[in-house]
Structure formats: C-alpha cells, structure tokens
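Dear colleague,

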Amino acid sequence: MSTAQQEDLQQKEQQQLSTESRPQSAESRRFATPLVDIESTQDGYVLYAEMPGVSKDGIEVTVENGDLLIVGHRRPLEVSGEPIYRESRPYDFRRVYELDPSIDTSRISARIENGLLIVNLPKAEKVKPRRIEVE
Amino acid sequence: MNIQRFQRYSQPELSRAFDRLATLREETDSLFNTPFSPFFRTSGSFSTWSPAVDVYEDKDQFTVIAEVPGMKKEALNLTLQNGVLTISGEREREEKKPDQGFRSERFVGRFQRSITLPASIDPSGVKATYQDGLLKVMLPKSEEAKPKQIEVSVS
C-alpha cells in the first residue's frame with residue numbers, strides 16, 4: 001500500500017471514529033487531522049489537540065453556527081540543509097467539531113503549551129445540575 | 001542509516017485492543033511462571049508510541065527534529081553513543097479524571113527512538129532545543145566527516 005493510500009485510509013478511519021463534521025466547501029489546501037483527547041468535566045469539556053510546530057500566533061479557534069473549528073498553522077522550520085529522512089507531514093492542522101448546545105460559546109478559551117492546544121468549553125450555568133430544595 | 005518506526009499511524013482502538021491482549025499475556029505468563037513470548041518482552045508493551053522524526057543534513061551538521069507535543073522539557077532524554085542518537089521520554093496524560101465521557105486518541109507513556117547517523121559526530125558540539133512541541137537536536141559533523149576540497153596540481 002502506498003503512503004498516499006495509507007494516509008487516505010487513516011483519514012477515513014479518523015472520520016469514522018470521531019464525531020466531527022466536515023464543511024462542504026472543500027478547500028484546496030491539504031490539512032492534517034490533529035490527534036485529540038476530549039475530557040468531560042462537571043463544568044464542561046476540555047479538548048487537547050496535538051499541534052507540533054505551531055506557536056501561539058499560528059492558532060485559530062472559531063465558533064460559527066454551532067461548530068468549533070480549530071486550525072493550527074505550522075511556523076516555518078529554522079533548519080539548514082536538506083531533509084534526508086522524513087516522517088512528519090508538513091501540513092497545517094485542521095479539525096471541526098459540532099458543539100454541544102449546552103456550551104456557553106462566549107466563555108470558550110484556548111491556550112497552547114509546547115505544541116498542545118488546550119480548549120476549554122464551559123457549559124452554560126443554567127444547564128449545570130442543580131439541587132432543588134423541596135419546600 | 002537505520003531508523004525504525006513501530007507505529008506511524010494512530011490506531012487508538014486497535015492499540016487499546018492490543019493493550020488488553022498484552023494484559024492477558026502477562027496474566028498467562030504469571031500463571032505458568034515462565035515467559036510465554038520472550039520476543040514481545042524485549043520490545044516492551046504494545047502501548048508504546050513513536051513520535052515522527054525528521055533528519056536534515058548540510059555540509060557541517062545533521063539536524064534531527066522529533067514531534068513530541070505536550071511534553072515537559074525535563075521528561076526528554078538524549079544520548080549519543082557510537083554514532084547513534086537515542087531520544088526517549090515519557091508523556092503523561094493531561095486529563096485528571098479520565099472516567100466520564102472521555103475520548104482518547106493521543107498516545108501517552110514511554111517512547112524511544114534511535115537514529116543511526118550516517119557520519120561521525122563531534123559529541124562536544126551537540127545542542128538541543130525544545131519549542132512548540134518540537135525537539136530539535138543539532139549534531140555537528142566531526143572534522144574528518146566534513147567534505148573537503150583537495151587541490152590537485154597538474155604538472
């Protein structure tokens with residue numbers, strides 16, 4: 001199996017595994033799908049996306065029509081000489097998630113630490129479980 | 001140059017299945033009190049991960065770049081022995097309570113990569129940096145390995 005076929009297969013697998021929805025407008029640029037962990041907490045969700053080679057300036061996190069789009073642009077490598085062996089894929093990162101309607105989109109925050117993008121997705125106050133006192 | 005990468009593409013479900021298999025094997029081993037498969041032992045658990053590595057060369061040095069996002073600098077180890085650069089480390093899970101509604105694609109735990117460099121290295125000049133999840137190791141070639149221009153006078 002060629003490398004291109006393997007990459008296709010991997011992308012298909014990742015699509016099946018994830019709940020992401022891809023927008024219809026197919027972009028001509030190629031993107032890599034970052035590996036993502038999602039943690040569900042009492043206050044909402046935390047998303048961890050691996051984006052090696054991406055600095056703070058290369059991150060775009062946008063929310064539109066209930067979709068969360070994360071994009072990471074790799075900064076140019078400061079390296080001299082020619083590649084003699086290569087395993088990394090030089091593409092920028094991109095992934096789309098459909099947001100849980102209970103998430104308070106105005107309070108979404110993101111930071112990047114050592115190439116790991118961390119997005120906090122807090123739930124709106126009204127949907128948090130609340131104990132009702134019986135009178 | 002000899003570089004082997006055990007696991008290039010992410011297969012979280014498969015790797016979890018292998019984890020279970022590895023656990024079963026360990027249990028079976030302890031039952032008989034003899035190693036069932038010494039070959040698997042040497043390569044460690046199935047759950048080890050393998051970061052992508054690139055190698056660049058110019059006339060003076062090699063540059064090795066490894067993608068290890070989300071690691072602490074202190075958790076990375078580098079050794080150079082007999083022209084083989086070994087990068088190892090351990091990555092911890094970020095999540096505090098991976099119990100409820102948790103989805104995992106990322107690899108955690110120990111990794112090790114060994115890269116046999118195709119020319120001799122000056123070990124005193126090796127430098128490394130870690131930024132944006134990329135480990136960059138610069139390995140200057142030793143004097144005898146650098147290309148030299150030899151002037152030949154034709155008489």
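B:Glu105 is located in the loop of chain B that runs between β4 (84–91) and β5 (109–116); strands are DSSP runs of E with at least two residues, helices are runs of H or I with at least four, and both are numbered from the N terminus. The model is a predicted one, in which local features need pLDDT of at least 70 and side-chain atom pairs count only at pLDDT 80 or more, while totals for chains, interfaces and linings use all residues. Residues are numbered from 1 along each chain as its sequence is written, chains are lettered from A and ligands numbered from 1 in the order in which they are written, and side-chain values use heavy atoms, with hydrogens and water left out.

With a relative accessibility of 6%, B:Glu105 counts as buried (under 20% relative accessible area; exposed is over 50% and partly exposed is in between, with a 1.4 Å probe and protein chains only). A polar atom of the B:Glu105 side chain lies 2.7 Å from the backbone nitrogen of A:Val36.

Chain A has an open sheet of 4 strands in the order β2-β3-β9-β8, with antiparallel pairing (two strands pair if DSSP finds at least two bridges between them). β2 (36–40) and β8 (109–113) of chain A stand at the edges with a single partner strand each, so one side of each has no neighbour in the sheet. On average, neighbouring strands of this sheet are turned by 15° against each other, direction ignored (axes are lines fitted to C-alpha atoms).

Within this sheet, β2(A) pairs in the antiparallel sense with β3 (residues 44–50) of chain A over 5 bridges, and a hairpin of 3 residues joins β2(A) to β3(A). A:Ser40 stands opposite A:Tyr45, and the bridge partner of A:Glu39 is A:Val46.

Turning to chain B, B:Asn77 is found in strand β3 (residues 76–81) and is partly exposed, with a relative accessible area of 42%. Leaving aside neighbours within four places in sequence, B:Asn77 is in contact (heavy atoms within 4.5 Å) with B:Thr86, B:Ile87 and B:Ser88. The C-alpha atoms of B:Asn77 and B:Glu90, 13 residues apart along the chain, are separated by 9.1 Å.

Yours sincerely

Note on methods. A polar contact is a pair of N or O atoms within 3.5 Å; within protein, one must be able to donate a hydrogen and the other to accept it, and residues adjacent in sequence count only if both atoms are side-chain atoms. Axes are lines fitted to C-alpha atoms, for helices over the stretch in contact, and angles run from 0 to 180 degrees between N-to-C directions.
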